[in-house]
Amino acid sequence: GAGLAAGVGILGASIGGGYMASRGLEAIGRNPFAKGRLQFNLYGSLVAFVAAAGLALGAAILILQTVPSL
């Protein structure tokens, strides 16, 4: 159950991250002068996504370690 919950959570975050990246690259294509600012935001959101994925993985591992084996 914990693995399924973490997987669904990461799936939703992945779809949102992909959508955000595509819209950011589209914005860079429309306004190349804002490239530096947009790249900073894209990289920041990438770091936040990786941190959230790590937290979800850590929570799943913690749950699996505390549940007694069958």
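Predicted model: local features only at pLDDT ≥ 70, side-chain atom pairs only at ≥ 80, totals over all residues.
Student: What's the relative accessible area of Glu-26?
Tutor: Glu-26 comes out at 38%, so it's partly exposed. Buried would be under 20% and exposed over 50%, with partly exposed in between (1.4 Å probe, protein chains only).

Student: OK, back to Glu-26. Which side chain does Arg-23 meet in a salt bridge?
Tutor: That of Glu-26, at 3.3 Å, N to O. To count, a side-chain nitrogen of Lys or Arg has to be within 4 Å of a carboxyl oxygen of Asp or Glu.

Student: Why do Arg-23 and Glu-26 end up about one helical turn apart?
Tutor: Because they sit three residues apart in helix α1. Helices here are DSSP runs (H or I, at least four residues), numbered from the N terminus.

Student: And how exposed is Arg-23?
Tutor: Arg-23 is partly exposed, with a relative accessible area of 41%.

Student: How many salt bridges does the whole structure have?
Tutor: Two, from a search of the whole thing. The other pairing is between the side chains of Glu-26 and Arg-30, at 3.6 Å, N to O.

Student: How far along the helix are Glu-26 and Arg-30 from each other?
Tutor: Four residues, about one turn, and both are in helix α1.

Student: Is Arg-30 buried or exposed?
Tutor: Arg-30 counts as exposed, at 58% relative accessibility.

Student: Which residues are linked in a network of salt bridges?
Tutor: Arg-23, Glu-26 and Arg-30. Glu-26 takes part in the bridge with Arg-23 and also in the bridge with Arg-30.

Student: Changing topic. Which residues line the largest pocket?
Tutor: Gly-17, Met-20, Ala-21, Leu-25, Leu-42, Tyr-43, Ser-45, Leu-46 and Phe-49. A pocket here is an open set of points on a 1 Å grid over the protein atoms alone where a 1.4 Å probe fits, with protein on both sides within 12 Å along at least five of seven lines; lining residues have an atom within 4 Å of a point.

Student: Where does the largest share of that lining come from?
Tutor: From α2, which gives five residues. Helices α1 (2-30) and α2 (35-66) each supply at least two residues of the lining.

Student: Let's pick on Ala-21. Where is it?
Tutor: Ala-21 is in helix α1. Its relative accessibility is 28%, so it counts as partly exposed.

Student: What about Ala-5, buried or exposed?
Tutor: Ala-5 counts as exposed, at 52% relative accessibility. It's found in helix α1.

Student: How far apart are Ala-5 and Ala-56?
Tutor: They're 51 residues apart in sequence and 9.1 Å apart in space, C-alpha to C-alpha.

Student: Last one: what separates Thr-66 from Arg-37?
Tutor: They're 29 residues apart along the chain, and the C-alpha atoms are 44 Å from each other. Thr-66 itself is in helix α2, and at 58% relative accessibility it counts as exposed.

Note on methods. Residues numbered from 1 in each chain as written. Heavy atoms only, no water.
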